[in-house]
Amino acid sequence: AGSTVKIHHEMEPLAEGEPPPPRPAVPGAGSRAAPASPPPGPALTTRPPSPSPPPPSASVTTPATFGVLALRTQPAGAEIHLDGERWLVPEGDDRLIMHLPIGRYQLELRKPGYEPFLTMIEVKEKETTAVNVLLAPAP
């Protein structure tokens, strides 16, 4: 989270008539991989067609199972931890917008010279949860 990874890879074409390899499983989508598309052109094998895949598992994540957390802190520059994972506010911005799977999260904010802030938040499906926090100065 909070970073970008660039992957450079040169793809190699399949040999004529070679079936495509199975697609890797998507984390959280169960053990079933999505069926691969057949290569273009007439089929060169005499194998019978594969049976229809079973219906998707209930654990498959769809866009409808996400919500948005809009977080703003005063003063700006607090360390933000969501379920123990650190998030960074983009430079020049005073708030953090996170697209998250629905569910409950522990939110912790820390800044030197201020009392730590800890709370539970709930991200709801297709909704924006706005959280505005005013950190109290440390005694």
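What share of the contacts in the protein chain with a separation of 6 or more comes from residues 24 or more positions apart? Such residues account for 54% of those contacts, where contact means heavy atoms within 4.5 Å. The structure is a predicted model, in which local features need pLDDT of at least 70 and side-chain atom pairs count only at pLDDT 80 or more, while totals for chains, interfaces and linings use all residues. Residues are numbered from 1 along each chain as its sequence is written, and side-chain values use heavy atoms, with hydrogens and water left out.

**Overall make-up**

- The protein chain has 7 strands and 0 helices, these being DSSP runs numbered from the N terminus (H or I and at least four residues for helices, E and at least two for strands).
- Of the 139 residues in the protein chain, 17% are buried, a term that stands for under 20% relative accessible area, with exposed meaning over 50% and partly exposed in between (1.4 Å probe, protein chains only).
- The accessible surface of the protein chain is about 10900 Å², and 57% of this belongs to carbon and sulfur atoms; the areas come from the Shrake-Rupley method with a 1.4 Å probe, and for residues only the protein chains shown count as cover.

**Strand pairing**

- Strand 1 (residues 66-74) is joined to strand 7 by 7 bridges in a parallel arrangement and to strand 4 by 7 bridges in an antiparallel one, two strands being paired if DSSP finds at least two bridges between them.
- An open sheet is formed by 4 strands in the order 3-2-5-6, with antiparallel pairing.
- Strand 3 (85-87) and strand 6 (117-123) stand at the edges of this sheet with a single partner strand each, so one side of each is left without a neighbour in the sheet.
- Within the sheet, strand 2 (residues 79-82) and strand 5 (residues 103-110) run antiparallel and are joined by 4 bridges, and isoleucine 80 has leucine 109 as its bridge partner in strand 5.

**Threonine 73**

- Threonine 73 lies in strand 1 and is buried, with a relative accessible area of 7%.
- A polar atom of the threonine 73 side chain lies 3.3 Å from the backbone oxygen of proline 75.
- Leaving aside neighbours within four places in sequence, threonine 73 is in contact with Ala78, Asp94, Leu109 and Val133, and valine 133 is also the bridge partner of threonine 73 in strand 7.
- Val133 belongs to the covered face of strand 7 (residues 128-134) together with Thr129 and Val131, while Thr128, Ala130, Asn132 and Leu134 make up the uncovered face.

- Not counting residues up to four places away in sequence, leucine 107 touches Leu71, Ile80, His81, Leu82, Phe117, Leu118, Thr119, Ile121 and Val131.

Conventions:
A polar contact is a pair of N or O atoms within 3.5 Å; within protein, one must be able to donate a hydrogen and the other to accept it, and residues adjacent in sequence count only if both atoms are side-chain atoms.
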